[in-house]
Amino acid sequence: EMKAQKNAGKPAPIDPNSIPPLSADVMSDLTDAFNYYDKANSGFISLQQFKSILHNFGFHRTTKKDMDEELRRHDIDLTKKFSFDFETTKNVVAYRLTKGGGREEEAKDCYKLFDKREKSFINSHDIKSQVGKYLEFQVTDSEIAELIEFSDLGNMGQISMRDFVKFYNSSTWDK
């Protein structure tokens with residue numbers, strides 16, 4: 001009973017076993033990022049390097065207060081911890097991307113790249129006019145049409161942000 005009162009108002013700690021696994025490509029990117037900083041192969045990175053990885057994997061829009069709160073839920077106190085292993089880094093990133101809304105924010109940011117005039121929908125012209133700026137390879141009209149076909153849940157020939165976010169976070173995207 002005492003313990004329940006002590007933790008009243010505090011969010012529950014995050015159980016690392018409840019965090020879904022990262023997709024193979026994100027895991028590969030995270031491993032590369034961790035190894036980039038862990039030049040000595042010690043298995044640990046510094047606090048600044050840890051924060052840099054978090055920034056690149058979904059924490060860039062998080063306030064310091066929200067970030068500290070989420071890290072506390074991972075049992076990480078930044079005032080006492082100065083190095084981080086890969087497992088801890090992976091758990092924090094995986095939680096952010098799978099449960100913490102990170103994928104949804106990433107999808108919305110991506111959508112906004114195409115919806116320059118904020119019309120609340122994008123069409124093949126919007127995609128075609130922007131995609132060349134962000135990709136190093138050519139995307140064909142038929143590939144753009146296929147993207148719209150998969151994402152356009154209303155069959156209107158255009159994609160709403162809601163439909164884009166659903167598509168972005170679906171298993172179709174990872175294939």
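Me: How are α2 and α5 packed, and at what angle?
Reply: In this predicted model, α2 and α5 pack with their axes 11 Å apart, at an angle of about 140°. As a general idea, two packed helices are described by the angle between their axes and the distance between the axes.

Me: How do I put a word to that angle for α2 and α5?
Reply: Over 145 degrees would count as roughly antiparallel, and 65 to 115 as roughly perpendicular. The angle here is about 140°, so α2 and α5 are oblique to each other.

Me: What is the handedness of the crossing of α2 and α5?
Reply: The crossing is right-handed.

Me: Which residues meet in α2 and α5?
Reply: From α2 come V26, M27, L30, T31 and F34. From α5 come F86, T89, K90, V93 and L97. By class, the contact divides into seven nonpolar, two polar and one charged.

Me: What does I53 contact beyond its neighbours within four places in sequence?
Reply: I53 is in contact with L30, A33, F34, Y37, I45, T89 and V93.

Me: How do I read the pair α7 and α8, and at what angle do their axes cross?
Reply: Take angle and distance again. Helix α7 (residues 124-134) and helix α8 (residues 141-151) have axes that come within 10 Å and cross at roughly 125°. They are therefore oblique to each other. Their crossing is right-handed. On the α7 side, the contact is made by S124, I127 and K128; on the α8 side, by D141, I144, L147 and I148. Those residues divide into four nonpolar, one polar and two charged.

Me: Is I148 buried or exposed?
Reply: The cut-off for buried is under 20% relative accessible area. I148 has 9% relative accessibility, so I148 counts as buried. This residue lies in helix α8. Leaving aside neighbours within four places in sequence, I148 is in contact with N123, S124, I127, G157, Q158 and I159. The C-alpha atoms of I148 and I122 are separated by 9.1 Å, and the two residues are 26 residues apart along the chain.

Me: Is Q130 buried or exposed?
Reply: Q130 is buried, with a relative accessible area of 7%. Q130 lies in helix α7. Not counting residues up to four places away in sequence, Q130 touches L113, F114 and K116.

Me: How many helices and strands does the protein have?
Reply: There are 10 helices and four strands. From the N terminus on, their order is α-α-β-α-α-β-α-α-β-α-α-β-α-α.

Me: What share of the residues is buried?
Reply: Buried residues make up 33% of the 175 residues. For contacts between residues at least 6 apart in sequence, 59% join residues at least 24 apart.

Note on methods
Residues are numbered from 1 along each chain as its sequence is written. This is a predicted model: local features need pLDDT of at least 70, side-chain atom pairs count only at pLDDT 80 or more; totals for chains, interfaces and linings use all residues. Side-chain values use heavy atoms; hydrogens and water are left out. Axes are lines fitted to C-alpha atoms, for helices over the stretch in contact, and angles run from 0 to 180 degrees between N-to-C directions. Helices (H or I, at least four residues) and strands (E, at least two) are DSSP runs, numbered from the N terminus. Angles under 35 degrees count as roughly parallel, over 145 as roughly antiparallel, 65 to 115 as roughly perpendicular and the rest as oblique. A crossing is left-handed if the near helix is turned anticlockwise from the far one by less than a right angle, and right-handed if clockwise. Contact means heavy atoms within 4.5 Å. Ala, Val, Leu, Ile, Met, Phe, Trp, Tyr, Cys and Pro count as nonpolar, Asp, Glu, Lys and Arg as charged, and the others, Gly among them, as polar. Buried means under 20% relative accessible area, exposed over 50%, partly exposed in between (1.4 Å probe, protein chains only).
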